[in-house]
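Here's a quick briefing to get you oriented before you start clicking around. Take a look at the sequence and the structure first, then work through the points below.

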Amino acid sequence: MSRLTASLSLLVLASVLAACERRTAPMHDTATDDFGDTVVVATAPVRIVSLNPTTTELLYAIGAGARLVGRTSYDRIPAAVSAVPDLGPGLRPNVEAVLAARPDLVILYASEDNRDAARRLRAARVPTVAYKVDRIADFARVTLALGRITGDTAAARVTVDTVGRTLAGTLVRTAALPHPRVFWFLWESPLLAVGGGSFLSEMLKVAGALNVYDSLPEPSPSITFEDLVRRDPDIVLASATTRARMLADPRWRTLRAVRERRVLVFDTTIVNGPSARVGASAVALATLLHPDAFAP
Amino acid sequence: MTNARWLLIVLALVTAIVAGVTAGTLPLTPSEVLHGLLGNAAPMHIAVVRELRLPRVLLAALVGAGLGAAGAALQGATRNVLAEPYLLGVSGGAAMGAVIAVALGARGPLVPLAGFAGALGAVALTLLVARAAGGRGDARIVLMAGVVVGAFANAAIMVALAGADASVVRGALWWMMGSAADASWMAVRGLALYVAVGIAILLVLARAIDVLALGEDTAAGMGVDVARVTLGVYVAGALLTAGTVAAAGLVGFVGLLVPHLVRMTGARTHRSIISGAALAGAALVVVADLMARVAHPPAELPLGAITALLGVPFFLAHLRRLT
Amino acid sequence: MIAFDAVTVRYPHREHAALENVSLEASRGQLTAVVGPNGSGKSTLVRALVGRVALDSGAIRIDNVSVVHTARRAMATRVAVVTQREEPAFPLAVRQYIALGRYPHVGLWRGYSPDDVAAVDAAIALTQTSSLAGRTITELSGGEWQRVRLARAIAQGGEAIVLDEPTTFLDVGHEMAVFELLSRLARDGRAVLLVSHQLNLVARFADRMILLHEGRVAAAGSPTEVMQGSILERVYDWPLVITRDPAIGAPTLVPLRARPRG
């Protein structure tokens, strides 16, 4: 809990500090990305390829969406992104297809799988940065970094600000409420849960709930059914189709939460990673979990 | 096989089942387990024992029985102690069916059904290819046809997974590594009937397999319809295996290893080898599933990984025996 | 009892027929031997008899009933076959193996009746393999294994016994023992049909000989009739002479050394 509070405080602090900066021309500077590489971004980029759904959303949020010339097949939000050319997968991307879009900035997901692509793009003299936006703290950090790189520092600051305030506000409102113990279902075979390493777990905290698998450090750990029964969650979160299946399945009904029909629908496919919508999503989650306290 | 050895195998199976139901992530004393089974315990205990552990242990036992019996019969009929139930392209076909289903978005019971269909399709294709090559009665041609079909299936799996989403790949891989985690009473009932019929057919053919094991020409001279008996063993074995694959994915090495162990205890006729292998296979898979559940909590290891580990000492021992 | 009637067998993708228009008969109470060089079709004869290869034309009859019209198991109760090679994959006990010979009688289901047990015991006695009965077939020597196989065929019962090269890898003593046994089986009333490449041995024991050459019958008759220098030299394509061995007067083939090229 303290770690999350620290992240949120940092968020607010970062925006305050950024506000105190002297206003200068848009910074074309060196950026140190999540691979630990330092990249020089000469001028504000006008042809951006973003190979990660979360960074794509962030770019639109800070007003740089119009400069996108490439995205992955999984980028769906906002709707306008469908007009941007689909360059394939975000992991081990097709470097040739990316180069064919003649970008002056490429944003990769900082996974080991993409080291090779980063190297090749830089060898082709295309400024490439790799970021991992997995936790709420990453959202603030990367949004501000992207803002500096694209020259949209003000918009980035506003975005981070707004989301930070929403999250902080929601946390305050839920602090005094009883926290239900929640199991967030991810996948059936193998049985996967949202673990402590996922920003969804952070969102649960903000929304005033306890993730029964918060103690596991992975974002989507594999668990056994029996272990789940042992942890005895109060509420299960799942998609609508999964909920229907669970309520009818005798195995799932060994869970008290399923027997009591406390299976709530919250579609995780909407929230791929902590984008600018993470604030609104946290509020939605809090409303779902505490309908009385958050009545509209 | 002597009565003492039968007793030993049956005892091993019973012990394994008891251990499987007693142990698990939720710590329960044997008395709590018993009460859970009988129905006079806390609802959570009853649920865990009756809905989670018992069907799972029984499913594992049935999978082991099917694979053990199929492996024993196939080793006898092909006169090859390295034969195993996933011959004839069964594993490739099953995996292909399941992977394609997962890639197309299927979830739940559709995936095992697709695996089952894939397994049967592969066997049918293998026999057709063998017939086209002119040698349905020749074991080597049929086995080779199985290799061809298996190779095709593997290629198809790779293509299906190449462009697929990470979750699809994970789901497909999980299925291919085998697991009894999805056990339900419905699955147990279905598989029980299936395995019973399959093993019964193999036991009926057992004596013919004894004769067939002497050599195809010799068996022909002793009145065995070599082509028909071999085909019967292949089909019954493949059906049994396809059923276990639908229930628990790919669980390797059981069908290969268990008949050897049974023969080592002195079983000579295929009637005892096949029945012994069914019982011993059941015990083995129940134990492997138990290990899968408790080795690395709260995560679950894939069943096929545990049984694959068993393959290592087996092949080492076989190697030593050859030299 | 066993009659081949103008039998022709062609293997696919081969130019010459494996057997062409072959007719021969193996009668009860007689030891009939089929001889000939490698590739003359001897083994194909046996495979055709057990139905492992199909006939192009002609028929094989057991007591005038075509084998095509006889159920396999029924035929196996009347004709026992010992194939050229047998390498079992599993270590059966010798007695168990011999008992398998009763399969045509007991089938998939029946337990072994006292008649079956008696047949097994008789076979063991006849082949003098009682000392081997407790051992495993995989640990037998070549000669022992051959005798045990013979015991299995005898246990199978029936009025005919067909053997393909029964004395390969056997030393003199075992060879003679096997042939003595076969001769006795013939005298006891069975039809013994054997395929062998050992002309001299066969000539001493056979009542009838059939010489095959490239799938056709080159000569047929008593050993004396068939063991003619001119015929054999042509068939085996090697200089040889036929003599009578001094000990018992059986016709003997003696191959000559190749003449050095001048």
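**How chain B meets its neighbours**

Chain B and chain A touch through 22 residues of chain B and 18 residues of chain A. On chain B's side of that contact, the elements giving two or more residues are α3 (43-77) and α7 (166-176). Keep in mind that this is a predicted model.

- The biggest share of the chain B side facing chain A comes from α3(B), with 5 residues.
- Sorted by class, the side of chain B that touches chain A holds 11 nonpolar, 6 polar and 5 charged residues.
- Chain B also meets chain C: 20 residues of chain B are in contact with 23 residues of chain C.
- Which elements of chain B give two or more residues to the side that touches chain C? They are α9 (206-212) and α10 (216-221).
- The side of chain B that touches chain C splits into 8 nonpolar, 5 polar and 7 charged residues.

**Chain B as a whole**

- Chain B has 14 helices and 0 strands.
- Chain B's radius of gyration is 20 Å, close to the 20 Å that the globule rule gives for 323 residues, so chain B is as compact as a globular protein of that length.
- Along the principal axes, the C-alpha atoms of chain B fill a box of roughly 65 × 55 × 40 Å.
- Of the 323 residues in chain B, 57% count as buried.
- Among contacts in chain B with a separation of 6 or more, 75% are between residues 24 or more positions apart.

- B:F116 sits in helix α5 (residues 110-132) of chain B.
- Is B:F116 buried or exposed? B:F116 counts as buried, because there are 22 C-beta neighbours inside 10 Å, and the cut-off for buried is 20 or more.
- Leaving out residues up to four places away in sequence, B:F116 touches B:A242, B:V245 and B:A246.
- B:F116 and B:G93 are 23 residues apart in sequence, and their C-alpha atoms are 8.5 Å apart in space.
- Over in α7(B), the buried residues are B:G171, B:A172, B:W174, B:W175 and B:M176.
- Those buried residues of α7(B) pack against α4 (90-103), α5 and α6 (139-162) of chain B.
- After α7(B) comes B:G178, with a positive phi near 80 degrees.

**Chain C: the six-stranded sheet**

- In chain C, 6 strands make an open sheet with mixed pairing, in the order β6-β7-β8-β3-β9-β10.
- β6 (79-82) and β10 of chain C are at the edges with a single partner strand each, so one side of each has no neighbour in the sheet.
- On average, neighbouring strands of this sheet are turned by 15 degrees against each other, direction ignored.
- β7 (residues 160-164) and β8 (residues 191-195) of chain C run parallel, joined by 5 bridges.
- C:I161 has C:V192 in β8(C) as its bridge partner.
- Helix α7 (residues 172-187) of chain C packs on the sheet and touches β3 (31-35), β7 and β8 of chain C. The direction of that helix makes about 145 degrees with that of β8(C).
- β9 (residues 208-213) and β10 (residues 216-221) of chain C run antiparallel, again with 5 bridges joining them.
- C:L211 stands opposite C:A219 in β10(C).
- The hairpin of β9(C) and β10(C) has 2 residues between the strands, and C:E214 takes a positive phi near 50 degrees there.

**Chain C: the four-stranded sheet**

- Another open sheet in chain C has 4 strands with antiparallel pairing, in the order β2-β1-β4-β5.
- β2 (19-26) and β5 (65-66) of chain C stand at the edges; each has a single partner strand, so one side of each is left without a neighbour in the sheet.
- β4 (residues 57-62) of chain C pairs with β5(C) in the antiparallel sense over 2 bridges.
- C:I62 has its bridge partner, C:V65, in β5(C).

- Chain A has a mean pLDDT of 86, with 91% of its residues at 70 or more.
- Residues 19-27 of chain A have pLDDT under 50, and the model has 4 contacts beyond four places in sequence for them.
- Where pLDDT is low, the predicted coordinates should not be read in detail.

Methods
Residues are numbered from 1 along each chain as its sequence is written. Chains are lettered from A and ligands numbered from 1 in the order in which they are written. This is a predicted model: local features need pLDDT of at least 70, side-chain atom pairs count only at pLDDT 80 or more; totals for chains, interfaces and linings use all residues. Two residues are in contact if their C-beta atoms, placed from the backbone, lie within 7 Å. Ala, Val, Leu, Ile, Met, Phe, Trp, Tyr, Cys and Pro count as nonpolar, Asp, Glu, Lys and Arg as charged, and the others, Gly among them, as polar. The radius of gyration is taken over C-alpha atoms; the globule rule is 2.2 Å times the number of residues to the power 0.38. A residue is buried if 20 or more other C-beta atoms lie within 10 Å of its own, exposed if 12 or fewer, and partly exposed in between; C-beta atoms are placed from the backbone. Two strands pair if DSSP finds at least two bridges between them. pLDDT is the predictor's confidence in each residue, from 0 to 100. Axes are lines fitted to C-alpha atoms, for helices over the stretch in contact, and angles run from 0 to 180 degrees between N-to-C directions.
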